[in-house]
Amino acid sequence: MVDVCPFRAWRYDLGQVGDLSDVVCPPYDVIDSRLQDQLYKKHPCNAIRLELNRAEPGDAGPDDRYARAAGFWKHWRADGVLLREHDEALYVYHQQFTWEGQEYLRRGFLARVRLEEFGTGQIFPHEQTLSGPKADRLALFHACKANLSPVFGLYPDDGGEVQQRLDEACLPLTALAAEDALGVRHRMWVVADPAVINTVRAALRDRPLFIADGHHRYETALNYRRELQAAGRLSDVNAAPNFVLMHCVGMSDPGLQILPTHRLVSGLPAVTSQELRQVLSAHFELEFMGVGDAAARDVWELMAADGSQGVFGFGSAADGGWQFARLVNPAPMAELAAEHSAAWRELAVSRLHKLVLEQLLPQRFPGVAPRCDFVHRLDEVTSALRGGACQLGCLVPPATIEHVQTIASQRETMPPKSTYFYPKLLTGMVFYDLES
């Protein structure tokens with residue numbers, strides 16, 4: 001049973017900080033050092049000081065960053081920069097954005113959700129995690145004792161009735177609004193009506209929740225709870241650390257978009273288009289589309305029109321050539337990924353990594369160890385190829401919501417960087433206190 005609950009969030013007092021846009025920030029995993037500095041300069045109370053506190057001259061070690069974040073968390077609450085919600089509430093959260101010239105509205109709500117160990121209940125991950133980010137987030141949990149940014153969860157909601165009920169409750173309410181650096185418009189309403197809250201809780205009780213984004217945060221919340229349990233400091237089943245801050249979105253929401261995650265492959269010799277044809281021709285039907293950015297766009301348009309998980313685009317930095325590739329011999333996947341399900345083996349990212357990057361390229365170039373960087377826009381791929389940042393650009397079709405649901409329901413995780421849910425949820429719309 002999924003337990004979705006209201007809570008008393010800490011929120012910025014706009015009377016003190018002014019425009020909410022000045023104090024929110026993206027989640028830690030999409031913030032580079034340049035953006036970090038920009039956010040530091042934007043406002044003295046920007047949530048970057050909590051979410052990703054920067055190293056300072058004179059630091060004795062990385063723990064100083066977490067201690068500073070804890071200091072801001074403590075003092076902002078004491079000084080009234082952050083105020084506690086008077087009543088328990090759900091927080092309806094809309095994001096309006098443009099992608100590839102089309103306007104979208106993604107609708108969901110923020111709640112605290114009771115933690116479940118993976119494999120024991122109705123909360124399912126879909127991607128693998130790494131130890132480094134979990135160690136970083138756990139150190140921040142210890143320092144601040146708060147969930148600073150939400151996990152992103154999906155629930156089956158074909159009729160859209162859950163979100164519709166919440167949106168109706170927002171009609172007489174005033175929205176809190178912010179705009180981020182990418183032009184995404186964020187709006188939030190505080191819904192404290194017990195009848196509405198109980199309706200939402202009852203509707204989600206018997207539905208699964210699939211983690212779309214924030215796997216490291218969810219697993220860190222589990223690790224933090226385990227530590228408290230082992231220390232005998234978590235006897236109350238309703239204590240705050242038994243829950244995690246989560247944004248819940250219906251899987252049928254029209255604004256729910258999964259973007260592609262393309263691969264920039266390095267660690268190879270200078271592979272020409274002709275050499276690439278020799279590598280791939282036994283398994284792929286190939287069409288040379290030309291040279292340069294226009295050819296890359298043509299390849300991507302063919303892939304988008306096809307819509308399957310069996311088409312790819314390959315661009316060579318050595319000669320700028322682009323090829324449209326269709327997998328015609330997927331049989332080796334049964335042996336290369338025998339431990340995985342048929343649905344997993346049919347994913348484009350699985351086929352690319354297992355067959356091309358781990359099998360075909362090392363066979364053609366013995367001793368190579370292909371490495372990947374990940375981008376989402378076509379112009380990022382073409383720019384990297386022109387600049388020599390990689391030897392091979394691989395365009396990959398996005399996975400679908402159905403892939404996420406099917407594979408996660410089998411308690412199987414997709415390869416890393418299989419999905420990219422855009423836009424990211426902002427840190428600073430609400431904070432969840434783990435001490436009360």
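Mentor: Trp10, Tyr12, Phe72, Trp73, Trp76 and Phe431 form a cluster linked by ring pairs. Rings of Phe, Tyr and Trp (for Trp the six-membered ring) are paired if their centres lie within 6.5 Å; planes under 30 degrees apart are stacked, over 60 edge-to-face, and the rest tilted. The model is a predicted one, in which local features need pLDDT of at least 70 and side-chain atom pairs count only at pLDDT 80 or more, while totals for chains, interfaces and linings use all residues. Residues are numbered from 1 along each chain as its sequence is written, and side-chain values use heavy atoms, with hydrogens and water left out.

Over the whole structure, a search gives 19 aromatic pairs. In the pair of Phe7 and Tyr91, the ring centres are 5.2 Å apart and the planes meet at 55°, so this pair is tilted. It joins distant parts of the chain, 84 residues apart: Phe7 is in the loop between β1 (4-5) and β2 (10-12), and Tyr91 is in strand β4 (residues 90-99). Strands (E, at least two residues) and helices (H or I, at least four) are DSSP runs, numbered from the N terminus. Phe7 and Tyr91 are both buried; buried means under 20% relative accessible area, exposed over 50%, and partly exposed in between, with a 1.4 Å probe and protein chains only. For Tyr12 and Phe431, the ring centres are 6.0 Å apart and the planes at 65°, so the pair is edge-to-face. This pair, too, links distant parts of the chain, with Tyr12 in strand β2 and Phe431 in the loop between β20 (420-422) and β21 (432-433), 419 residues apart. Tyr12 and Phe431 are buried.

Charged groups also meet rings. The charged end of Arg77 lies over the ring of Trp10, a member of the cluster, at 5.6 Å from the ring centre. The charged end of Arg65 sits over the ring of Tyr66, 4.9 Å from its centre. A charge counts as over a ring if NZ of Lys or CZ of Arg is within 6 Å of the ring centre and within 35 degrees of the ring normal.

Pro423 is in the loop between β20 and β21, and the peptide bond from Tyr422 to Pro423 is cis, with omega near 0°. Thr427 is also in the loop between β20 and β21, and with a relative accessible area of 0% Thr427 is buried. Beyond residues up to four places away in sequence, Thr427 touches Val24, Cys25, Pro26, Pro27, Ala47, Glu51, Leu148 and Ser149; contact means heavy atoms within 4.5 Å.

Met188, in strand β10 (residues 185-191), counts as buried at 1% relative accessibility. Apart from neighbours within four places in sequence, Met188 contacts Tyr91, and also Arg11, Val92, Tyr93, Leu110, Thr174, Ala175, Leu176, Met429 and Val430.

Lys417 is not a glycine but has a positive phi of about 60°; it is in the loop between α15 (401-409) and β20. Lys417 counts as partly exposed at 43% relative accessibility. Lys145, in the loop between α5 (131-144) and β7 (146-147), has a positive phi near 55°. At 24% relative accessibility, Lys145 is partly exposed.

Last, the helix packing. Helix α6 (residues 161-170) packs on helix α7 (residues 194-204) at about 170°, the axes being 10 Å apart. Axes are lines fitted to C-alpha atoms, for helices over the stretch in contact, and angles run from 0 to 180 degrees between N-to-C directions. Therefore α6 and α7 are roughly antiparallel; angles over 145 degrees count as such, under 35 as roughly parallel, 65 to 115 as roughly perpendicular, and the rest as oblique. Val162, Arg165, Leu166 and Ala169 of α6 meet Val196, Thr199, Val200, Ala203 and Leu204 of α7. The axes of helix α10 (residues 293-306) and helix α14 (residues 378-386) come within 10 Å and cross at roughly 140°. This makes α10 oblique to α14. Asp293, Ala296, Arg297 and Trp300 of α10 make the contact with Leu378, Thr382 and Arg386 of α14.
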